[in-house]
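Subject: Structure handover and what was found in it

Dear colleague,

Here is the structure I promised to pass on to you. Please open it beside this message, so that you can look up each residue as you read.

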Amino acid sequence: MLSPNSVTRQLSDQISLAKAFVVIAKESSNIQFAWELSAQIRNSQVLLSSVASRRAPLTTTESETAIRDMALLLFNAQQLHYDSATMIMRLKTKIQILEEQVGVVSEKSSKYGQIAAEEIPKGLYCLGIRLTTEWFGNSNLRRRMNERMQIETKLRDNSLYHFCVFSDNILATSVVVNSTTLNSKNPDMVVFHLITDEINYAAMKAWFSMNTFRGVTIEVQKFEDFKWLNASYVPVLKQLQDSETQSYYFSGHNNDGQTPIKFRNPKYLSMLNHLRFYIPEVFPALEKVVFLDDDVVVQKDLYGLFSIDLNSNVNGAVETCMETFHRYHKYLNYSHPLIREHFDPDACGWAFGMNVFDLVEWRKRNVTEIYHYWQEKNVDRTLWKLGTLPPGLLTFYGLTEPLDPSWHVLGLGYTNVDHHLIERGAVLHFNGNSKPWLKIGMEKYKSLWEKYVDYSHPLLQRCNLH
């Protein structure tokens with residue numbers, strides 16, 4: 001106990017114990033004793049700090065007084081019944097109260113964050129309105145789009161690199177297209193298939209008619225034109241006709257707080273979200289496509305994805321099970337017998353957002369029908385609650401080929417990501433609420449997205465997008 005390290009450790013342990021007693025003394029309204037403990041803690045900390053700054057070990061002579069004075073105070077604390085059992089009980093009570101307070105704050109933060117994430121910024125709304133006006137008032141734009149559509153053979157040419165994006169966000173889609181083409185060695189080989197809705201159709205066509213994007217081939221469609229997309233074929237559309245489903249997603253009632261707000265977001269019933277399960281029907285002539293979410297940035301040439309051997313699988317995706325959080329049991333209800341009997345709870349999860357789909361194998365294995373089966377089984381939301389990833393995990397179970405993690409780096413919309421992973425990543429995914437086009441976007445990652453936006457464009461200037 002006379003070695004310098006032992007003396008330093010003893011003093012540090014005394015400080016830790018004294019800090020706990022300060023909390024208990026305050027809880028017991030013994031302010032005077034709490035003050036005495038705090039003063040002695042400061043004395044001991046000053047002693048340790050001075051020793052650290054001189055880079056010489058603490059001697060027993062230097063520490064003797066501090067250790068003795070602190071020991072007397074700790075002894076007094078025990079005499080005041082600040083024993084271990086009492087201390088543990090009180091600290092547990094304090095921790096429980098703090099956890100409840102944190103829970104309330106976290107719930108409010110999550111709710112407000114979700115609301116902020118769902119709001120359409122005024123600038124984006126303005127851009128959509130101005131582009132729609134431009135489309136219907138500018139015959140040159142419509143003629144330019146018609147001239148581009150004369151290259152219909154490229155839209156079906158399976159020797160080219162076909163990408164698809166399903167989105168109602170014009171600016172985000174523009175970043176996906178722009179970043180992909182700027183990092184492509186052969187942009188003339190790139191074909192983008194953009195699917196949007198009726199509301200944004202004219203604006204989307206106008207934007208991609210007035211911007212060339214290095215001459216890549218771009219097709220814009222709206223899903224309302226797909227005649228096969230109806231309630232008799234699509235379970236999600238059928239479920240939207242159900243009054244209970246409508247009430248759950250659209251009534252605004254809080255369900256007594258039993259279901260978190262993010263699980264009740266109507267966007268999870270949006271056809272633009274579920275259209276990913278109908279890619280072979282959307283593009284009947286294609287054999288392989290790369291699916292990209294609209295909240296990604298591409299920073300490397302993606303031509304290599306089209307030569308990856310998927311080993312007769314349908315879906316090529318980056319796995320996310322480096323930790324237990326991203327295994328199947330996190331997303332699915334394993335108390336339900338259908339889930340428990342068919343799926344390994346420790347199976348590896350994977351990410352939507354950058355996926356290579358072999359449409360030949362998809363059609364051969366009738367994958368869309370697998371999706372229909374599980375979507376119909378979940379009409380009461382007992383198999384899963386949130387989004388398109390859980391049905392994707394079920395639909396492509398045993399049909400997914402793991403890709404190298406550098407192809408798809410996730411987390412830029414909600415967490416800190418290792419900068420080495422970002423540098424090596426081909427596709428950066430801003431999954432999470434903090435999208436780069438929102439005020440709540442993570443500032444340190446916004447530049448990765450914004451460098452693919454031309455803020456000098458007259459329309460962006462007029463809509464105060466910067």
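Before the findings, one cut-off is needed: a residue is called exposed when its relative accessible area is over 50%, buried when that value is under 20%, and partly exposed in between. Please also keep in mind that this is a predicted model.

With that cut-off in hand, we can begin with Tyr125, which has a relative accessibility of 55% and therefore counts as exposed. Tyr125 is part of helix H5, which covers residues 122–137, and together with Ile120 and Ile129 it makes up a nonpolar patch on the surface, the three residues having about 350 Å² of accessible area together.

Helix H5 also leads us to the second largest pocket, because H5 and H20 each supply at least two residues of that pocket's lining. The space in this second largest pocket comes to about 540 Å³, and of the 21 residues that line it, those closest to its centre are Pro121, Trp437, Leu438, Lys439 and Leu465. Sorted by class, the lining of this pocket consists of 13 nonpolar, three polar and five charged residues.

Glu443 is exposed, with a relative accessible area of 58%, whereas Lys446, at 11% relative accessibility, counts as buried.

A second pair is found in helix H16, made of residues 359–365, where Lys364 and Glu361 lie three residues apart, about one turn of the helix. Lys364 and Glu361 are joined by a salt bridge, with 3.3 Å between the closest N and O atoms. In this pair Lys364 is exposed, its relative accessible area being 61%, while Glu361, with a relative accessibility of 11%, counts as buried.

How many salt bridges does the structure hold? The number is seven, and one of them, between Asp293 and Arg276, has its closest N and O atoms 3.5 Å apart. Asp293 and Arg276 are both buried.

Finally, there is the empty space inside the model. Rolling a probe the size of a water molecule over the atoms shows where such space is left. The structure holds two cavities of 30 Å³ or more, and the second largest cavity contains about 50 Å³ of space. Among the residues that line this second largest cavity are Tyr161, Phe163, Thr180, Asn183, Lys300 and Asp301. By class, six residues of its lining are nonpolar, three are polar and two are charged.

Best wishes

Conventions:
Residues are numbered from 1 along each chain as its sequence is written. This is a predicted model: local features need pLDDT of at least 70, side-chain atom pairs count only at pLDDT 80 or more; totals for chains, interfaces and linings use all residues. Side-chain values use heavy atoms; hydrogens and water are left out. Patches are made of residues with over 30% relative accessible area and no salt bridge: like charges are joined within 9 Å, nonpolar side chains (Val, Leu, Ile, Met, Phe, Trp, Tyr) within 5 Å. Accessible areas come from the Shrake-Rupley method with a 1.4 Å probe; for residues, only the protein chains shown count as cover. A salt bridge is a side-chain nitrogen of Lys or Arg within 4 Å of a carboxyl oxygen of Asp or Glu. Helices (H or I, at least four residues) and strands (E, at least two) are DSSP runs, numbered from the N terminus. Buried means under 20% relative accessible area, exposed over 50%, partly exposed in between (1.4 Å probe, protein chains only). On a 1 Å grid over the protein atoms alone, a cavity is a set of points where a 1.4 Å probe fits but cannot get out, and a pocket is an open set with protein on both sides within 12 Å along at least five of seven lines; lining residues have an atom within 4 Å of a point. Grid points are joined across faces, edges and corners, and a volume is the space filled by probe spheres set on the points. Ala, Val, Leu, Ile, Met, Phe, Trp, Tyr, Cys and Pro count as nonpolar, Asp, Glu, Lys and Arg as charged, and the others, Gly among them, as polar.
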